Amino acid sequence: MLSDTAAPIALLDREDPAVADRIARSAATTEGARLRTEDFGPWLAERGRAHTFEVERIPFDQLEGWSFEEETGNLGHHSGRFFTVEGLSVTGGSEPFREWQQPIIKQPEVGILGILVKEFDGVLHFLMQAKMEPGNRKLLQLSPTVQATRSNYTKVHQGADVNYIEHFAQPDRHRVLADVLQSEHGSWFFRKSNRNMIVEAAGEVELLPDFCWLTLGQLHGLMHQDNVVNMDSRTVLSCVPFADPHQGALHSDTGLLSWFTAERSRHEVRAERIPLKSVPGWRLGESVIEREDGRYFKVVAVSVRAGSREVSRWTQPLFEPLGLGVTAFVTRRFGGVLHVLAHARVEGGFLDTVELGPTVQHTPDNYAHLESDERPPFLDLVLEADPSRIRYEALHSEEGGRFLNAESRYLLVEADEEEAPRQPPAGYAWVTPGQLTALVRHGHYVNVQARTLLACLNATREYA
C-alpha cells in the first residue's frame with residue numbers, strides 16, 4: 001500500500017446542521033430588523049408611486065425588433081436571443097389528451113433566480129425586490145434579489161446592469177444555501193430551466209431603493225396575501241432547506257423514487273417542435289394567435305413602460321391564459337403526519353417527461369363542457385370544498401415576464417378516506433412535505449406549481 005505523505009486534508013461536513021436552525025429562527029421571526037411588517041404595505045405602495053408603469057396591448061406589426069419568420073411562422077427577436085414562439089406537437093400524453101399541438105415558448109438560456117440573505121440581530125433576512133412585470137395583474141410584486149435571463153445580465157438589451165448579480169454569477173460555494181436547476185411551466189415553456197439560488201452575503205450590502213430586507217417569517221405572512229409574492233420568489237423559497245420534523249411517511253424515500261421512476265418509464269412521450277404556422281386548430285390575427293374554439297390560451301403583444309427596469313421601454317409577446325386557474329394539494333394525515341397527494345404530471349415542455357405536480361392543476365373553464373365523470377380527478381372535490389376544509393387559499397400570479405394576467409387560486413384542502421383514499425388512482429401518490437423538500441434539492445422532480453404549494457405549506461407550518 002502506498003503511504004500518503006501529503007499534509008492531511010480538512011474535510012467539510014456534508015451537511016451544516018446550523019443552517020436548518022438559522023432557517024427556523026428566521027421563519028419564527030415575524031418582525032424584521034430593517035423593515036417592520038406594518039410598514040411593508042406603505043413601502044410597496046411608495047415604490048409603485050416612484051416609477052411609471054404602463055402596459056398596452058398592440059398589434060403584432062407594432063412589435064419592435066420582433067417578427068414572424070416567413071418560412072416557419074415562428075415569432076422571434078431580431079437578435080436571436082430572449083425567446084421565440086414556436087409550435088409543439090406532443091404524442092403519448094395522459095388520457096384524455098393523448099396527443100395535441102400548440103404554440104410554445106422556446107427559451108434555451110438558463111436564467112438566475114437568486115435571493116441574497118444576511119444576518120441582522122442574529123436572524124437571517126432575505127433581500128427582496130419590488131419588481132414590475134408586464135404580465136402581472138398587480139404589476140408590482142416581490143421578486144427575488146436577482147431575477148434575470150442570461151440575455152438580461154449579459155445586457156443583450158443594452159440596458160443597465162442587473163443589481164446584485166455579482167453575488168450569484170460566481171458565488172462563494174461556502175455561502176450557498178441552495179442552488180438547483182428547476183423547470184418552469186411545462187405547459188407553456190419548452191424545456192426551460194432556471195437556476196434557483198439562495199446565497200448568504202459576506203460583508204456589507206448596499207440597500208438600493210427598490211429592495212428591502214425581510215425575515216422568512218415576514219415573507220410567510222405575505223404569502224397569505226393575494227398577488228404580493230411573485231412566482232419566481234415562490235420557487236426560490238421552496239428551495240429553503242427546512243429540517244423535516246417527521247421521519248415517518250407512507251412511503252420510504254426509496255419507495256417513492258421507485259414509484260416516480262416507474263411513472264417516468266411508463267409514459268412514452270414524444271414532444272417535437274414544429275413550425276408555428278403548422279399548428280392545426282390555431283389561427284393568426286392582427287393582434288392575437290388563438291385556438292379556433294377559443295379555449296386554453298392565446299398569444300398577444302404588448303408595449304411596456306417601466307421606469308424601474310434595466311430597460312425603461314420595450315415591446316414583447318405574452319401568453320394569455322383564458323380563465324382563472326385552480327392549483328391545489330389535497331391533504332390527509334396518516335399516523336399524525338401530514339401528507340399531500342402529488343400527481344405525476346405529463347407536460348409537453350418538461351425536460352424529462354414527468355414531474356410531480358399538485359393534486360389539481362387545471363383551469364376549470366376548460367372542462368365546463370364535460371360531464372362529471374369526464375372531468376379531471378379531484379377537481380370537483382377542490383372546487384366544492386367546504387371552507388372549514390381549506391387550510392390555505394390565496395391568488396398568486398404566474399410568471400409575469402412571459403404570461404399576461406395568468407393567475408391561479410392556490411389551495412390546501414383537507415380530505416377524508418372516501419374523498420381521497422389511502423390507495424389513490426394510478427399516477428398519484430401520498431408524499432410528506434419533508435419528502436418534497438428533499439426532492440426539490442434536485443432538479444426536475446417537482447414542477448413549479450407544486451413548488452409554490454410547498455412554499456405555501458411552509459408559510460402555514462401545517463405539517464410541523
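Predicted model: local features only at pLDDT ≥ 70, side-chain atom pairs only at ≥ 80, totals over all residues.
Setting aside residues within four places in sequence, L127 is in contact with I115, L116, P144, T145, Y164, V205, L207, F211, C212 and W213. W100 lies elsewhere: 27 residues separate L127 and W100 along the chain, and their C-alpha atoms are 42 Å apart.

## The nonpolar cores

The largest nonpolar core is made of 71 residues. The residues with the most contacts inside this core are F40, F126, L142, L214, L216 and L237. Helix α10, residues 448-460, gives the most to the core, with seven residues. There is also a second, separate core of 21 residues, and I105, L276, V279 and A301 are among its members.

What does F126 touch, not counting residues up to four places away in sequence? Its contacts are S26, I115, L116, V117, C212, W213, L214, T215, L216, L219, L237 and V240.

## P103 in strand β5

P103 is part of strand β5, residues 99-106. Its relative accessibility is 0%, so P103 counts as buried. Beyond residues up to four places away in sequence, P103 touches V85, E86, G87, L276, V279, W282, F297, V299 and F319. Two of these contacts, L276 and V279, are also named in the second core. P103 and G65 are 38 residues apart in sequence, and their C-alpha atoms are 20 Å apart in space.

## The second largest pocket

The second largest pocket holds about 1200 Å³ of space. It is lined by 38 residues, and those closest to its centre are R14, E15, L177, P241 and R441. By class, the lining has 16 nonpolar, ten polar and twelve charged residues.

Four elements each supply at least two residues of this lining: α1 (17-28), β10 (176-183), β11 (193-200) and α9 (433-440). Helix α9 is mostly covered, with seven of its eight residues buried. Those buried residues are P433, G434, Q435, L436, T437, L439 and V440.

A disulfide is a covalent bond between the sulfur atoms of two cysteines. The structure holds zero disulfides. For C212, the nearest cysteine sulfur is that of C456, at 19 Å.

## Two positive phi angles

N227 has a phi near 55°, a positive value in a residue other than glycine. This residue is in the loop between α5 (216-222) and α6 (231-237). N227 counts as buried, at 7% relative accessibility.

F378 also has a positive phi, near 70°, and is likewise a residue other than glycine. The loop that holds F378 runs between β21 (360-362) and α8 (379-383). With a relative accessible area of 13%, F378 is buried.

T235 is found in helix α6. Is T235 buried or exposed? At 1% relative accessibility, T235 counts as buried. Leaving out residues up to four places away in sequence, T235 touches L113, N196, V448 and R451.

D13 sits in the segment before α1. Its relative accessible area is 64%, so D13 is exposed. The C-alpha atoms of D13 and L75 are separated by 50 Å, and the two residues are 62 apart along the chain.

How values were computed. Residues numbered from 1 in each chain as written. Heavy atoms only, no water. Core = buried A, V, L, I, M, F, W, Y, C linked by side-chain atoms within 4.5 Å. Buried < 20%, exposed > 50% of the residue type's maximum accessible area, 1.4 Å probe, protein only. Contact = heavy atoms within 4.5 Å. 1 Å grid on protein atoms, 1.4 Å probe; cavity = no way out; pocket = protein on both sides within 12 Å on 5 of 7 lines; lining within 4 Å. Points joined across faces, edges and corners; volume = space filled by probe spheres on them. Nonpolar A, V, L, I, M, F, W, Y, C, P; charged D, E, K, R; others polar. Disulfide = S-S within 2.5 Å.
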